[in-house]
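Hello,

I am passing on the structure we talked about, and below it you will find what turned up in it.

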Amino acid sequence: MLNTRPLHPGFGIEVVGLDLSSPGSAAAIDEMVRMLDTHALILVRNQTLTNQRHVEISRQFGPLLTHVLKQFLTTDLPEIYVLSNVQEDGKPLGNHKEGWNWHSDLSYVEEPSMGSLLYAVEVPPVGADTLFSSMQLAYESLPIAMQERIRDLTATHSYLGYYGKAFADRAPLSDEQKARTPDVVHPIVRTHPTTGRLSLYVGQDIVKAINGLPQAEGDALLAQLNAHAINSASIYRHVWQKGDLVVWDNRSTMHCATPYDDDTYRRVMHRTTVAGTRPF
Ligand SMILES: [Fe+2]
């Protein structure tokens, strides 16, 4: 039985007194895997994890994916995607300004990630918080008429469109990267495969259009749903400490990075990404 405390009244839990560096923590991690379905986000603080151990822990949640931006797989293990503003020998150690929009990881593929594990290697003393929103609370707090209106709608998610908006100053995606990331269609309301609970499945920038509606009407609806999803009642703000491991369920939450003084401070974060199934 894990020792826990809530992070937000509606979702998110911190596990305290757990050392994940030890292989003896395998049973505790199995418990965390089960808890993720209902709590949607799990924090474990004060960890000291090797890359190998980070990947081993992540594999208990499921098979791992590798990121399409291979230039940011800069550790000894390709499963670890690095987020960082640090340059080493003139080369970026990781992707910078990634995820500064509301999104669920890998929503732009047919089978998006079920969950992600982000480990804080170096954090700035201020800024760079991550905001998480419960898309289950967001859906459940919509007026019934709106729930019914959107229940069977789908949206097109586009990595190419996101990349063009988020990284306009960079070289465009290669043909191989484009081939790996064609546009995909997902429901706007998705069902959690384990609990059956419904959640909104939208987001900024990556979601290109709501299908079956005129573009302007779809854009307005999307903006309305996004605004509702990121209202303060469904948000948990995570203020990072070095050694934090946060696991979140991409099927029932979305998240957004926030800025920091990147001229002054270093930030190095390691993410692993667990494979998922097609949303329904
Ligand atoms: Fe993300």
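Strand E10 (residues 154-157) and E11 are antiparallel and joined by four bridges; strands here are DSSP runs of at least two residues, numbered from the N terminus. In this pairing, Thr154 sits opposite Pro187 of E11. Before going further, please note that this is a predicted model, in which local features need pLDDT of at least 70 and side-chain atom pairs count only at pLDDT 80 or more, while totals for chains, interfaces and linings use all residues. Residue numbers start from 1 along each chain as its sequence is written.

E10 belongs to an open, antiparallel sheet of three strands, in the order E11-E10-E14. Its edges are strand E11 (184-187) and strand E14 (207-210), each of which pairs on one side only (pairing takes at least two DSSP bridges between two strands).

There is also a hairpin, made by E1 and E2 with six residues between them, and Gly12 in its turn has a positive phi of about 90 degrees. Four bridges hold strand E1 (residues 3-6) against strand E2 (residues 13-16) in antiparallel fashion, with Pro6 opposite Ile13.

Ile13 leads us on to Ile42: apart from neighbours within four places in sequence, Ile42 is in contact with Ile13, Val15, Met32, Met35, Leu36 and Val247 (contact means C-beta atoms, placed from the backbone, within 7 Å).

Best wishes

Technical notes:
Contact = placed C-beta atoms within 7 Å.
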